[in-house]
Amino acid sequence: MSSTEHDERYRAISAKDTRFDGQFVTAVRSTGIYCRPSCPARTPKPENVTFYPTSAAAHEAGYRACKRCLPEAAPGSPAWNVRGDTAARAMRLIAAGVVEQEGVSGLARRLGYSPRHLTRLLTGELGAGPLALARAHRAHTARMLLVGTDLPISEVAFSAGFASIRQCNDTIREVFEMTPGELRAKRRRSPGTPSSGGSQGAIDLLLPHRTPMDADGVFAWMAARALPGVESATATSFARHLRMPGGPAHFEIRQTPEGQLRLRATVTRLADLAPLVSTARRLFDLDADPAAVDEALSGHPELAALVTALPGIRVPGAADPHEMLIRAMVGQQITVAAARTALTALAEQLGERTPDGGLLFPTMAAIAAHGAEVLRGPAARIRAITGAAAALADGSLTLTVGDDAVAQRAALLAMPGIGPWTADYVRMRVLGDPDVFLPGDVAVRAGAAASGLPADPAPLTAWAARVAPWRSYLTAHLWRAAPVRPPSRRSTAKEPS
């Protein structure tokens with residue numbers, strides 16, 4: 001780390017700046033602990049401080065987590081979306097539970113490396129290997145469940161991805177220097193916070209995030225696209241059924257009167273809880289750095305009014321990468337309402353019912369086999385959709401949160417019926433890439449015209465380059481700025497679906 005970067009981070013911890021929580025941790029040699037940047041304890045001397053990119057790196061160096069600020073309770077780092085390198089891809093996959101499901105060898109295989117080389121690469125880049133990073137993620141999940149739910153400690157252990165209760169207890173003691181019971185005893189329950197014990201695989205917990213947060217915009221986005229039976233949405237909540245490795249799951253994200261976001265979820269297998277929390281966070285873009293985004297965008301006079309009107313805008317993610325591709329392809333060249341009608345029919349006729357009466361979005365195999373019987377429109381488009389579903393089903397096309405962005409785009413463009421708009425839109429939603437721009441999108445062009453920007457794709461693309469690496473958030477602002485169009489039965493325009 002350069003002396004300039006060290007000085008910048010030291011100024012952040014001196015100011016107790018919460019905007020940096022989750023982006024790095026501060027290890028203090030004189031005390032042997034590591035803290036989040038906003039820790040209220042007395043700021044240590046500069047010569048006693050070492051900054052680490054992850055808590056796993058600090059733990060590997062022999063430091064313990066601060067009992068006062070609990071750095072694992074901070075929102076996740078936005079760097080894993082901003083960066084597209086192997087380390088960032090690995091962190092996204094670790095959060096999705098790949099190490100617990102497939103081991104380090106599975107993680108390495110997905111990233112195209114041997115386990116040994118991946119360990120060397122991550123240790124050099126992040127200060128810890130994949131096992132240590134996964135262990136830190138499990139400790140974070142266990143802490144979250146211990147302080148945010150009433151789940152028995154035995155269920156917390158398996159929900160967090162530990163192989164045994166003893167392994168969980170040992171890790172909690174080592175990382176936090178407390179037993180699970182002592183960690184749970186330190187929690188503060190706000191008045192009216194619901195208890196979440198008693199139901200197998202059920203949780204109800206807080207989703208920390210950086211402010212400001214345009215939650216209204218995300219809920220409105222979800223409501224406009226919700227598929228009956230699969231999803232439901234109101235002005236302050238979004239819920240859906242989702243297929244997880246262990247079986248059907250259901251979750252609801254809701255906003256409290258105080259502006260907090262809470263997650264209520266039920267899973268078939270406890271080990272699916274942690275990946276489900278990660279999915280919910282990505283869906284609502286909760287690890288974004290809104291202060292950095294807003295500062296960059298508002299520095300351009302043409303965008304200042306948009307940012308002032310909607311501070312903390314978010315770019316919605318995807319609950320399931322495969323489903324996202326099908327939804328994007330169905331939504332090509334038709335309105336959001338028309339896409340919702342077509343996707344509702346697809347879900348109702350090919351989806352599976354859950355034991356509680358909910359509806360799961362169809363599997364790719366079902367769409368490949370029977371989608372042509374349900375979908376309406378040009379034959380070439382239907383063949384493209386069912387062909388993509390077949391490729392996803394048989395593994396000839398892969399689509400995950402840990403993909404390399406360039407390789408993912410190339411693989412999608414090689415599929416019949418998938419053009420740049422769809423490939424880039426999927427990259428924005430699935431990878432959480434913050435720097436995607438969609439100049440061919442009619443709503444983007446309309447929003448640009450309404451905001452005093454060029455409306456034609458070429459000059460608009462050139463203008464958008466000046467806000468890199470935040471062009472996805474520019475896209476979101478232009479979507480919101482677009483004048484409302486009257487409903488139409490036919491449209492050649494591309495809209496976000």
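Predicted model: local features only at pLDDT ≥ 70, side-chain atom pairs only at ≥ 80, totals over all residues.
**View 1. Lining of the second largest cavity.** Two or more of the lining residues come from each of the helices α2 (55–60) and α7 (130–148). Sorted by class, this lining comprises six nonpolar, two polar and three charged residues.

**View 2. Lining of the largest cavity.** The largest of the five cavities of 30 Å³ or more has a volume of about 170 Å³. Its lining is made up of 17 residues, and those that lie nearest the centre are M222, E231, L283, R327 and R429. At least two lining residues are supplied by each of α11 (215–225), β7 (237–244) and α15 (321–330), and the lining as a whole has eight nonpolar, two polar and seven charged residues.

**View 3. Helix α15 and its start.** Nine of the 10 residues of α15 are buried, so that the helix is mostly covered; among the buried residues are P321, E323, M324 and R327. At the start of the helix, a side-chain oxygen of D320 comes to within 3.1 Å of the backbone nitrogen of H322.

**View 4. Salt bridge between E100 and R138.** This pair is one of 28 salt bridges in the structure, and its closest N and O atoms are 2.6 Å apart. E100 belongs to helix α5 (residues 98–111) and R138 to helix α7, the two residues being 38 residues apart. With a relative accessibility of 30%, E100 counts as partly exposed, whereas R138, at 11%, counts as buried.

**View 5. Salt bridge between R480 and D214.** The side chains of R480 and D214 meet at 2.6 Å, N to O. Because R480 lies in helix α23 (residues 471–481) and D214 in the loop between β5 (202–206) and α11, the pair ties together parts that are 266 residues apart in sequence. R480 is partly exposed, with a relative accessible area of 39%, while D214 is buried, with a relative accessible area of 9%.

View 6. R427 and D424, whose side chains form a salt bridge (2.9 Å, N to O), both lie in helix α20 (residues 420–431), three residues apart, about one turn of the helix. R427 is buried at a relative accessible area of 13%, and D424 is buried at 9%.

Conventions:
Residues numbered from 1 in each chain as written. Heavy atoms only, no water. 1 Å grid on protein atoms, 1.4 Å probe; cavity = no way out; pocket = protein on both sides within 12 Å on 5 of 7 lines; lining within 4 Å. Points joined across faces, edges and corners; volume = space filled by probe spheres on them. Helix = DSSP H or I, 4+ residues; strand = E, 2+ residues; numbered from the N terminus. Nonpolar A, V, L, I, M, F, W, Y, C, P; charged D, E, K, R; others polar. Buried < 20%, exposed > 50% of the residue type's maximum accessible area, 1.4 Å probe, protein only. Polar contact = N/O pair within 3.5 Å; in protein donor to acceptor, adjacent residues only side chain to side chain. Salt bridge = Lys/Arg side-chain N within 4 Å of Asp/Glu carboxyl O.
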